[in-house]
Amino acid sequence: MFRRDFIRLASLAGGVFALPDNLRSFVTTNDNSDKLYEIFSNPSAEYRPFVRWWWNGDRLQSAELLRELDVLKAAGIGGVEINPIKFPSSADPMNIPSLTYLSDEWIDMLKIALNGAKERGIICDMIVGSGWPYGGEFLTRDDQCQMVALGTRNLEGGAKVQLSEKELVDSVHPAFVSAWSDPLKELIAAYLVPAEMKDITQSKEIHLAPSQERETITIDVPAGPHVLYYLIKITGFAAVIQGAPGAAGPVLNHYDAAAVERYLDRIESKLTPKLGKLGDHFRALFTDSIELEGANWCNDLFEQFKKVKGYDLKPWLPFVLFKVGEMGNAVQEAYGAQYTPELQSRIETIRYDFETLKRYLFQERFIKTFADWCTRNGVKSRMQAYGMDCDPITSGMMVDIPECETWIWTEAIDEFGTGDYRKGRNYTMINKFVSSSAHLSGKRLVSCEEMTNTDDPFHGTLERIKLAGDQSMLSGVTGSVLHGFNYTPLEAPFPGWIRYGSFFNERNPWWPWFHLWADYKARLSAVFQQCDMQAAVAVLHPMADLAAKYGFQRDPYPVVTYPSYAPKIWEAIHQNGHGCDYLSEEVISQSTVNQKGLTYKNRTYKAILLAEVETIQLSTAKALGKFAAAGGKIIFIGKTPHLSAGMVDHQKRSAQIKTLMESVIKKHPTTTGIEAIDEANLVDWFGKLADRYKLTPEVKISHPVDYMSTLHYSNGEHQLYFFSNYSGTKTNTFEATFPEGNKPAWIWDAETGERRPYPSRQSAALKITLGPTESKLIVFSPETPPAVLPSEPASELATLLPGPWEVTLHHVNGVTRTITVNNLTQLSEDKDWMTFAGTIEYRARFHSTKPSPTNAKPSPAKQTWIGLGRLRDLSRLELNGRPIGTKWHGEHLYDITSAIVDGDNYLTIQVITTLGNYMKTLKDNKTAREWTSRSPYYPAGLKEVTLVTF
């Protein structure tokens, strides 16, 4: 290893080179004069990670509930989200009966869990219902979900055509992911149009006799090819996904406020007589994913459309709708008539009105009803408020705790890239919307369903979890709800009852050290929840264009991302040291404008980027005009707005918008402009853009890269800068220039809770090095740290420690074997041991001779380190019977200066692996087959051990 590389990496391990012994006393763990640091060093339960506590099949026993609470408490978990869910089909129920959701027996178990949590200082949330979305077998037909689905049939003209109503009804069968077994399907309308359609007046509505009187429909088709459009209303079509007994069944109609009230009141009426006020037991009640499978209807939708939008939707509905498949996504097939460009444009304008009307109804009738019900019961509303049915900015502002999602797509650490969005990313596309909604509404808690894993939970490492958690925070998250912790008795056959998620479980070999990550995450969450994320740049997405062209999408997994680079813009902004929020048109219209910028409540923005926005409200265009006139910077990416959203006065307002936007660019050529995107080089693209428009960063980064990003938080007194390297292989060294100039800074170590002075520098730039998966929290506080001069050792002697090595493998299956090897090799490279899982213990002896004193001038104190290189797994090191430490991410470097002796030294290294490789061998284990059949073998164990003396 080259000298400068080892020095660089060793400095990452704890900053020892930056902190001489005479200043070690300034490493502090607690200081009552700094309340923020006190919260950071010892975070309370509310800031610690929560877990989604899956009550698998509600096969509950009181002793097991309390035992699992003890396990969670010991692991550093601060709260649980009680989540009844369907029992895993691959698990053995062990003759433990299922309890029915909301039955007296189930509520008795709930009381035991709530009281047990309170005794242990664990906070409780609970999901509303079971699985997702809301529903149950107890729903009446009137309260079940509704959709109007489209069917088409090509017809040859010049003849009368008779069609069976049953044939038409049966031909419309969307491929629901979770279909209910007893839907009601009705033909409600049919329209005949020419195959080439120029105007809506060419659409002829087919008269339908009363349903009880018709079996066939007769249509007189004029000459030429035609298309029959027909609408099928389906009630009770979708089933609750993974609903537990007593809460499975058809999905609720979320567009019907009375139905939502009845559903929620039923829960309240069952719980409060036995529990009392819900707020005495729960922090929040939770609404999970809004996956309504394309629900789009309620009985008064036509009436509401005319009331809100001002015209009749009915003649346009068949042309506005898409044929849909799974989860309500539009099918990818050719069908229907061919429209002229003019008619296509008009249909898209009306589709925007339809899509936004649905969201309006959903937000008023479902989200508001849910939030008000929570308030009435003394609990906070927590919700994943996004998807086809609700605007993530507006909806997130309506609930107390908005929540998003961060996934682990693969157990390998993918490098970041500009192509496939999932490549190198763990946060989902929705996270920035959700965190922005919180910032705009003054909320500091941004919750996240984290570590969702439907790939292979058994290969997940603590390093992988850290990287995903760091990315989650970069997207604005400040609170974790881990996905998840399975209720599973110890007696359950290996590996237990597994429903979903990363394997947070005491049978995981690294579980005894899970608290190391939990403490790290808790400290960062704690300080971020005391501060506000800083952002001077705003981004407006082309939501109106998306709705009009494609319909709103199923976030966070859209079939269509428009434009393709849209969710990557914020990344480039933060990677360049800036901060940003997403805005909605409503926020822009309701903002005030002055010389400081565009202000909405406590947020002020100096610049707005519009990503290929063509369609906006006139009120938004006027607000942008005022912003530009006040000196605000507006950057139009690719296109400028020139169309009015919605049908009312569409042409007149479109002309006004076009004129206004052209005027803005003409009058303010230095602060506004149209810029082409460079999607392949977004980091460099935004850096140049920021320079051209003189955008001031939160922190200036000398060499921005796509695998390192930043956040700036502030509470007025403290300025916190979070830097994260989410590469698994690359080290990044750069200079950061802060607004605080050359004021001394602290490093707050989230792994230990300690803080130490950052080395002094002569200029405003601070030199920072981040190794793979490393993060740093640099803080400027009212309390000035002592000056610490940077120093580096003058020389380095590096050697590979030779064998023989005594290697003992403690397998999770109880088998232990000891072998002696001369050369280290990772177990994945040995076909006899590639399926190992457990603890690998390496023992070796090496000889060390302290250098003889010389008459030369004094040199820096000698230090000795041991490096294990890059490992996926957790390692522990002991020298001469003295524990040195534990490493669970990044470079595994150990300072052994205080433990090494002159002469023989006895070294013990433990490497704790994941279960994944072993699980792949369990061919008769249904759970193992289900989760690891598609996974590769991952490396485990040591390749080399390096001894370095400075």
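**Close-ups of a predicted model**

**View 1. Helices α17 and α18 side by side.** In α17, L618, A621, K622, L624, G625 and A628 meet R653, Q656, I657, L660, M661 and V664 of α18 (contact means heavy atoms within 4.5 Å; helices, H or I, have at least four residues and strands, E, at least two, both being DSSP runs numbered from the N terminus). Sorted by class, this contact of α17 with α18 has 8 nonpolar, 2 polar and 2 charged residues (nonpolar covers Ala, Val, Leu, Ile, Met, Phe, Trp, Tyr, Cys and Pro; charged covers Asp, Glu, Lys and Arg; the others, Gly among them, are polar). This is a predicted model, where local features need pLDDT of at least 70 and side-chain atom pairs count only at pLDDT 80 or more, while totals for chains, interfaces and linings use all residues. Residues are numbered from 1 along each chain as its sequence is written, and side-chain values use heavy atoms, leaving out hydrogens and water.

α17 (residues 618-629) and α18 (residues 650-667) pack at about 15°, with axes 10 Å apart (axes are lines fitted to C-alpha atoms, for helices over the stretch in contact, and angles run from 0 to 180 degrees between N-to-C directions). The pair is therefore roughly parallel (angles under 35 degrees).

**View 2. Helices α3 and α4.** The axes of α3 (residues 62-74) and α4 (residues 104-119) come within 9 Å and cross at roughly 25°. That makes α3 roughly parallel to α4. On the α3 side, S62, L65, L66 and L69 make the contact, and on the α4 side M109, I112, A113, G116 and A117 do. By class there are 7 nonpolar, 2 polar and no charged residues here.

**View 3. The largest cavity.** About 220 Å³ of space sits in this one (on a 1 Å grid over the protein atoms alone, a cavity is a set of points where a 1.4 Å probe fits but cannot get out, and lining residues have an atom within 4 Å of a point; points are joined across faces, edges and corners, and volume is the space filled by probe spheres set on them). It has 19 lining residues, with F433, H541, L546, D555 and T561 the closest to its centre. The lining splits into 14 nonpolar, 3 polar and 2 charged residues.

View 4. Most residues other than glycine have a negative phi, and most peptide bonds are trans. The F494 to P495 bond is cis, with omega near 5°, and P495 lies in the loop between β16 (479-486) and α13 (514-528). N95 has a positive phi, near 60°.

Methods
1 Å grid on protein atoms, 1.4 Å probe; cavity = no way out; pocket = protein on both sides within 12 Å on 5 of 7 lines; lining within 4 Å. Parallel < 35°, antiparallel > 145°, perpendicular 65-115°, else oblique.
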